[in-house]
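Let's take a friendly walk through this model, from its backbone geometry to the surroundings of its ligand. Please have the structure open as you read.

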Amino acid sequence: MARSFRRPVVREALEDLAIFGGPPAFEEPLHVGAPNLGDRARLLELVGDVYDRRWLTNDGPLVKDFERRVAELTGAEHCVAVASGTIGLQLAAHALELSGEVIVPSFTFVATAHSLAWLGLKPVFCDIDPQTHTLDPDALADLVTPETTGIVGVHLWGRPCEIDAVTRFARERGLRVIFDAAHAIGCSFRGKTIGRFGDAEVFSFHATKVVNAAEGGAVTTNDGDLADRLRLLRNYAFVGYDTVVDIGMNAKMSELSAAMGITSFDALDEFVAVNRRNYLCYGAELGDVPGVSVREYPEGERHNYQYVVVEITGDAQAGIVRDDLVSILHAENVLARRYFYPGCHQLDPYRLAEPTRLPATEDVATRVLVLPTGTAIHQEDITAICGILRLALANPTAIRRQLAGTPVPM
Ligand code: T4K
């Protein structure tokens, strides 16, 4: 059900904040990642067609149409739709015959690392450039060993990583390159749409993404042989009914997901326009607030503005820190997120295997706050959220006293 819009309670005084005992500003939770929904009638029409055709999955007509739409938008020669972004990354890594060690930024959603580890590959975590939040190409050389076979760059927040530098570095050493483009549908790098770089790029069409197929993903590539191999592996590596030529898996997108994805694609321009409007609104509300900066997207490129990312610059002794703001916002029913804290290298499965220090990742991971956006968010919501942030940031002493000993919501 769509969220019925109830005007949020606007905070005027510090004591009104929910952490001081006031009622939450929002009656219902505001999520980061509430899905953008396309046209209901169109979705139901497509689902009706699926029902009538009795063709539910296995490379059906809607999946083919979805693939065509992704290829058209990205400019990639081939698109292979899959069941999720995570499976897309696995399929690409397997199809490219990666082995041993693969370099990957730690500051990413854990699926990037998991997809490699699940194949028995060792993710070797790389630090980021704190200005871009993406893989620092200057950090790559120290991480290469005789076991290294590939690099996975991540276009975090939809901002392309240093594609040229990463690709050049990899080519000089005979390494494969996959770009995790989970956030980057419709974004561009030097005027070219994301989807045609490296050996392959992998998108996510999870419910929380700007284009969603409920669950889904896609691998794009300009390499026809690789695309053929991806299609083979996606369907257990069957050739015909009885012949299996490789160790494949079930990575197929269903027709129902494709129906959702096509409906979502139809509305992409509208979703991006709303995201951009929200992003500009946050920027205007927070532009002159000391201690907080809204991360900007590079000029002259296409963006989907899917994430509103702010960095909190206050220091732990004197000011409000990011985690204080998370507690304050959650109490108001604004479920802001600490993506991607604490960095993959500090998550148990990876931390325990091999302790690593990545100073830029560790610093940025304590300062980033991701705020709700998308079509479920109204301008009044943003004004109210920013009002809460301004009030809190202007009163660090009282806030810190009030929050002393309060655990950060997870
Ligand atoms: N690489 C990168 C860089 C990624 O960010 C991701 C996924 C991947 C690879 C892997 O792609 P997939 O295999 O997922 O296709 C979410 C998403 O689940 C995940 O897709 C996404 N990145 C990540 C950044 O965010 P969570 O666990 O933080 O949030 P989740 O799924 O619980 O959703 C967030 C909030 O959205 C919920 O608390 C409530 C709201 N929500 C969610 C769903 C699913 C709704 O209102 N309705 C819904 O249907 O991971």
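Glu 97 has its place in the loop between α3 and β3 (101-105); helices (H or I, at least four residues) and strands (E, at least two) are DSSP runs numbered from the N terminus. The phi angle of Glu 97 is near 55 degrees, a positive value in a residue other than glycine. Keep in mind that this is a predicted model, in which local features need pLDDT of at least 70, side-chain atom pairs count only at pLDDT 80 or more, and totals for chains, interfaces and linings use all residues. Residues are numbered from 1 along each chain as its sequence is written, and side-chain values use heavy atoms, with hydrogens and water left out.

Another loop, between β15 (334-335) and α10 (348-351), holds Phe 340 and also Pro 342. The peptide bond from Tyr 339 to Phe 340 is cis, with omega near -10 degrees, and the bond from Tyr 341 to Pro 342 is cis too, with omega near 0 degrees.

Tyr 339 leads us to the ligand: 25 residues surround it, and the closest are Thr 86, Asp 180, His 183, Ser 204 and Tyr 339. Here a residue is near a molecule if one of its heavy atoms lies within 4 Å of it. This shell divides into 10 nonpolar, 12 polar and three charged residues, with Ala, Val, Leu, Ile, Met, Phe, Trp, Tyr, Cys and Pro counted as nonpolar, Asp, Glu, Lys and Arg as charged, and the others, Gly among them, as polar.

Which parts of the chain build the shell? α3 (85-95) and α4 (110-117) each supply at least two residues. Domain 1 (14-35 + 268-336 + 372-403) and domain 2 (40-266) each give at least three; the domain bounds come from an automatic or database assignment.

| Protein atom | Distance to a ligand oxygen atom |
|---|---|
| Gly 85, backbone N or O | 2.9 Å |
| His 206, polar side-chain atom | 3.3 Å |
| Arg 337, polar side-chain atom | 2.9 Å |

Taken alone the ligand exposes 910 Å², and the protein buries 73% of that (Shrake-Rupley method, 1.4 Å probe).

Terms used
A polar contact is a pair of N or O atoms within 3.5 Å; within protein, one must be able to donate a hydrogen and the other to accept it, and residues adjacent in sequence count only if both atoms are side-chain atoms.
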